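Trainee: Could you walk me through this model before I set anything up with it?
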Amino acid sequence: MVPLLFVIALSLAGPCFCAPLKSKSPVFKLTNSDFDHFLKDKDVMLVDFYAPWCSDCAKLKPNFDAAAEDFARKGKYVFAKIDCFGEGRSICENRFNVHSWPQLKVFRRGQYAGEYSGYQDRDSLERFMDSILKQKVPDNIGQDQAAAEEQPGYTQNVNGPWFQNGWQFNRVGMMPYGQTPPGWKRG
């Protein structure tokens, strides 16, 4: 009798154990409460500031998600999003003054590093993130400004938080000062 009940229970529960698990999205969903904590230890993240009702955001979503999935297959999780009309409203409005959507912002170890303003297709997003990931992140990024000022050779730059020996480490990544790579917009 017990084996028969066991077989019946297993046949009812079997499909649950054998069904493929639905994978989670490789795009991290950020909120006001976890935004800073999540980004602070990530070398690079591309964050989509979006509005759920925005038609341009809806057009970007499949390309953004597909690029994130391609990077996830390589073991790189570098895409995130924040809902500017949901649990991310305060970050969007008060901290980054976001009033148009979508906006793609780059962060390096929790510090704002610039905006992506290139084409919003999958290939362009992937090429952009590949180029950003190849750039070395300076060790002092993510530290308090006071700690960065103590290091010799670093001075405050009106265009961003760090500048050293003719190289800038801010909205345009690491490159000779004054040059801007394709896909970046000064803002």
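Mentor: A polar contact is a pair of N or O atoms within 3.5 Å; within protein, one must be able to donate a hydrogen and the other to accept it, and residues adjacent in sequence count only if both atoms are side-chain atoms. This is a predicted model, in which local features need pLDDT of at least 70 and side-chain atom pairs count only at pLDDT 80 or more, while totals for chains, interfaces and linings use all residues. Residues are numbered from 1 along each chain as its sequence is written, and side-chain values use heavy atoms, with hydrogens and water left out.

Trainee: OK, what does Asp121 reach at the start of α5?
Mentor: A side-chain oxygen of Asp121 comes to within 3.3 Å of the backbone nitrogen of Asp123; helices (H or I, at least four residues) and strands (E, at least two) are DSSP runs, numbered from the N terminus.

Trainee: And which residues of α5 are buried?
Mentor: Ser124, Leu125, Glu126, Phe128, Met129 and Ile132 are buried, where buried means under 20% relative accessible area, exposed over 50% and partly exposed in between (1.4 Å probe, protein chains only).

Trainee: Switching topic, how many aromatic pairs are there?
Mentor: The whole structure holds 16 aromatic pairs, counted when rings of Phe, Tyr and Trp (its six-membered ring) have centres within 6.5 Å, with planes under 30 degrees apart stacked, over 60 edge-to-face and the rest tilted. One of them joins Phe35 and Phe107 edge-to-face, at 5.5 Å centre to centre and 85° between the planes.

Trainee: Why does that pair tie together separate parts?
Mentor: Because Phe35 lies in helix α2 (residues 35–39) and Phe107 in strand β4 (residues 103–108), the pair ties together parts 72 residues apart in sequence. Both Phe35 and Phe107 are buried.
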